[in-house]
Amino acid sequence: MSQTKQNPNHFSSPLCLSNWLQSRLPSDSFSSWGIKPGTKNVHNLWLELSEGETSLIDSTPPIRTVHVVSVRIIDENGRILLESHQELSDGTQRERNRPLSEKMKPNETVEDAVVRAVKEELGSIIRVSSIENDVNSTVKIKTGSYQKKVEERVSVSYPGLPACYVLHSVDASVEGLPDEEFCTEDEEYSECSVAEVA
């Protein structure tokens with residue numbers, strides 16, 4: 001008789017995911033999720049899995065794999081837009097100091113992920129309708145700038161859970177951004193990001 005193994009990327013509820021993780025993660029790390037400042041909770045991970053933004057390899061501990069698009073937005077003066085920090089829904093601020101980045105969806109091309117990232121992260125600053133109606137003039141990816149690399153590290157968001165990040169990086173320009181520091185809202189996870197030009 002063969003034993004059926006649960007698909008580690010499909011859980012009917014956050015509780016099912018929590019039960020699955022409890023036997024695979026150090027209890028002190030797992031119990032800090034969503035409580036320790038700067039961490040996310042099991043519900044956040046369940047959403048990532050449900051939306052296909054993250055996958056888990058069934059091991060002890062499990063390995064979280066995330067494909068991320070990173071967009072270095074460069075203006076005509078050569079300045080690079082950086083996300084200085086992120087305010088999580090619990091009010092905690094997480095220092096970022098990095099280019100715009102977004103988890104990729106299943107079967108999404110890098111180009112589609114770049115446009116979605118700009119729309120989701122910067123849409124409250126630039127006119128979203130201009131992104132939807134004329135993507136090619138609002139977001140321009142620099143030809144030949146694509147790079148891919150893999151990084152393995154423990155997740156800051158989910159302590160004790162090793163992560164494999166497949167990073168897809170491009171350089172791009174985006175029309176309609178302000179010249180000064182600004183704040184944007186990401187409605188998906190009720191977070192706020194502050195961006196500045198360096």
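A residue counts as buried when its relative accessible area is under 20%, as exposed when that area is over 50%, and as partly exposed in between. The model described here is predicted.

R94 has a relative accessible area of 13%, which is under 20%, so R94 is buried. R94 belongs to strand β4, which covers residues 93–98. Its C-alpha atom lies 6.1 Å from that of G38, although R94 and G38 are 56 residues apart along the chain.

S155 is also a buried residue, at 4% relative accessibility. S155 sits in the loop between β7 (147–154) and β8. Apart from residues up to four places away in sequence, S155 touches R64, L161, A163 and Y165. Between S155 and R64 there are 8.5 Å from C-alpha to C-alpha, and the two are 91 residues apart along the chain.

N41 is partly exposed, because its relative accessibility of 33% falls between the limits of 20% and 50%. The loop between α2 (27–30) and α3 (42–50) holds N41. Leaving aside neighbours within four places in sequence, the contacts of N41 are W33, G34 and Y158. N41 and F30 are 11 residues apart in sequence, and their C-alpha atoms are 9.2 Å apart.

| Residue pair | Separation along the chain | C-alpha to C-alpha distance |
|---|---|---|
| R94 and G38 | 56 residues | 6.1 Å |
| S155 and R64 | 91 residues | 8.5 Å |
| N41 and F30 | 11 residues | 9.2 Å |

**Backbone geometry**

Most residues other than glycine have a negative phi, and most peptide bonds are trans. N107, a residue other than glycine, has a positive phi, near 60°. N107 is in the loop between β5 (100–103) and α4 (110–122). Its relative accessibility is 81%, which is over 50%, so N107 counts as exposed. The peptide bond from T60 to P61 is cis, and its omega is near -5°. P61 lies in the loop between β1 (54–57) and β2.

**Cysteines**

How many disulfides does a search of the whole structure find? The search finds 0. C16 is partly exposed, with a relative accessibility of 31%, whereas C164 is buried, with a relative accessible area of 14%.

**The chain as a whole**

The protein has 198 residues, and 45% of them count as buried. Its secondary structure consists of 6 helices and 10 strands. Among contacts with a separation of 6 or more, 64% join residues 24 or more positions apart.

Rolling a probe the size of a water molecule over the atoms shows where empty space is left. The second largest pocket holds about 250 Å³ of space. Its lining is made up of 14 residues, and those closest to the centre of the pocket are I74, D75, E76, V174 and L177. The elements giving two or more residues to this lining are β2 (63–74) and β8 (162–174). By class, the lining has 7 nonpolar, 5 charged and 2 polar residues.

Methods: Residues are numbered from 1 along each chain as its sequence is written. This is a predicted model: local features need pLDDT of at least 70, side-chain atom pairs count only at pLDDT 80 or more; totals for chains, interfaces and linings use all residues. Side-chain values use heavy atoms; hydrogens and water are left out. Helices (H or I, at least four residues) and strands (E, at least two) are DSSP runs, numbered from the N terminus. Buried means under 20% relative accessible area, exposed over 50%, partly exposed in between (1.4 Å probe, protein chains only). Contact means heavy atoms within 4.5 Å. On a 1 Å grid over the protein atoms alone, a cavity is a set of points where a 1.4 Å probe fits but cannot get out, and a pocket is an open set with protein on both sides within 12 Å along at least five of seven lines; lining residues have an atom within 4 Å of a point. Grid points are joined across faces, edges and corners, and a volume is the space filled by probe spheres set on the points. Ala, Val, Leu, Ile, Met, Phe, Trp, Tyr, Cys and Pro count as nonpolar, Asp, Glu, Lys and Arg as charged, and the others, Gly among them, as polar. A disulfide is a pair of cysteine sulfur atoms within 2.5 Å.
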